[in-house]
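Open the model in your viewer and keep a selection panel at hand. The stops below say what to select and what is there.

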Amino acid sequence: MVEQMIEGLIRTLREGDDAAKAAAALRLGSLACNDYSDRVLISRAGGIPPLVDLLRDGSAEAKEQAAWALRWLACDNDANRVLIAEAGGIPPLVELLREGSAVAKEQAAWALGHLAHNNAANQVLIAEAGGIAALVELLRGGSANAKFPAAQALRLLAHNNDANAVAIAAAVGLEALVELARRGRVTVNNRSIVENAALPAKRKAALVVAALLRDCVPGEKRSQVRDLIRAVIGPCL
C-alpha cells in the first residue's frame, strides 16, 4: 500500500540517521513529483514538518533532497503551500539560496516559486525572509539550471504585489528601477522578471528613483536637477 510506504518514509525522516533521512526525502520527492494524489497523502500523513526540520538541520545532501521534496509538495497544491509556510519552511529555503550547493539552490528556487504561486501571504513571507535579494543574486551568478527557476520565482513574487515588484527592481539596480517607473517591466540577462507592473508599482519605483537622485546631488545643487527628477518621475505620479 502506498499509504503504508509513505508512513514508513516519514517515520524514517523522524528517526533515521542522516543518510536514511536523505534517502527518505528523495523517495518522498519522487512520489510527489509523479503523482498529485501522493502529494496529498504525504501532507496528510504529516510529512511536511519533518521535511522542514531536515531542510533546517540536515547534512548538505539531506537539505538538497528535502528541498526537492518540498518543491514538488508545493506544486499545484494550495493546501501544501500553506502547510509548508506554517511549518517554517520559507526561511530555510531562502538560506539554502545563499549557502547551499548548486543543486540545493536550484531546488530551493523552484520551491519558493511554487510557494509564491497564487499565495499572497507567502509572497510577503518570502520577501521578509530576504528571498528577493537572494533570488536576484542567483539569477545573476547561479548555475545555468538555477537561473530559470530564479526568474520564475521572481515573476511570481511580483505578481499582483507592488511592494515586491519595486523591491525586485531595487535589488537589480537603478536602471531597473527607472525601467519599472517608465514601462512597468524589469529584465535581467534578457529574462523578464517583472512584467506589466501596475501603476502603483510604477509610482513607488518613481519615488525611489527620485529619492536616490536627490541623495546623489549636493544640497546646494538640487534645484538645478529638479527638472530632471520631474522628467523621470512626473509621468508616473
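In which hand, left or right, does α10 pass α11? The crossing is left-handed. This is a predicted model, and every value below is computed from it.

**Stop 1: α10 and α11.** Select residues 131–141 for helix α10 and 144–158 for helix α11. Their axes lie 8 Å apart, and the two helices pack at an angle of about 145 degrees. On the α10 side, show I132, L135, V136, L138, L139 and R140; on the α11 side, show A146, K147, A150, A151, A153, L154 and L157. These residues make the contact. By class, the contact of α10 with α11 has 11 nonpolar residues, two charged and no polar ones.

**Stop 2: the whole protein.** Zoom out and colour by secondary structure. The protein has 15 helices and two strands. Its C-alpha atoms fill a box of roughly 75 × 30 × 25 Å along the principal axes. Of the 237 residues, 49% are buried. Among contacts with a separation of 6 or more, 62% join residues 24 or more positions apart.

**Stop 3: α5 and α8.** Next, select residues 60–74, which form helix α5, and residues 102–116, which form helix α8. The axes come within 8 Å and cross at roughly 25 degrees. Angles under 35 degrees count as roughly parallel, and α5 and α8 are therefore roughly parallel to each other. Their crossing is left-handed. From α5, the contact uses E64, A67, W68, L70, R71 and A74; from α8, it uses V103, A104, Q107, A108, W110, A111, H114 and L115. The residues of this contact of α5 with α8 divide into 10 nonpolar, two polar and two charged.

**Stop 4: α7.** Select residues 90–99, helix α7, and show the side chains of I90, P92, L93, V94, L96 and L97, which are its buried residues. Which helices do the buried residues of α7 pack against? They pack against α4 (48–57), α5, α6 (78–86), α8, α9 and α10. Both helices of the previous stop, α5 and α8, are on that list, as is α10 from the opening stop.

Stop 5: Move to the loop between α8 and α9 (120–128), where N119 is found. N118 has its place in that loop too. Is N119 buried or exposed? N119 has a relative accessible area of 11%; the cut-off for buried is under 20%, so N119 is buried. Leaving aside neighbours within four places in sequence, N119 is in contact with R81 and V82. N118, at 62% relative accessibility, counts as exposed. N118 also has a positive phi of about 55 degrees, although it is not a glycine.

Stop 6: Select N196, in the loop between β2 (191–194) and α14 (199–215). N196 is not a glycine either, yet it has a positive phi of about 50 degrees. N196 is exposed, with a relative accessible area of 64%.

**Stop 7: α1.** Finish at E3, in helix α1 (residues 2–15). E3 counts as partly exposed, at 35% relative accessibility.

Conventions. Residues numbered from 1 in each chain as written. Predicted model: local features only at pLDDT ≥ 70, side-chain atom pairs only at ≥ 80, totals over all residues. Heavy atoms only, no water. Axes fitted to C-alpha atoms, helices over the stretch in contact; angles between N-to-C directions. Helix = DSSP H or I, 4+ residues; strand = E, 2+ residues; numbered from the N terminus. Parallel < 35°, antiparallel > 145°, perpendicular 65-115°, else oblique. Left-handed = near helix turned anticlockwise from the far one by under 90°. Contact = heavy atoms within 4.5 Å. Nonpolar A, V, L, I, M, F, W, Y, C, P; charged D, E, K, R; others polar. Buried < 20%, exposed > 50% of the residue type's maximum accessible area, 1.4 Å probe, protein only.
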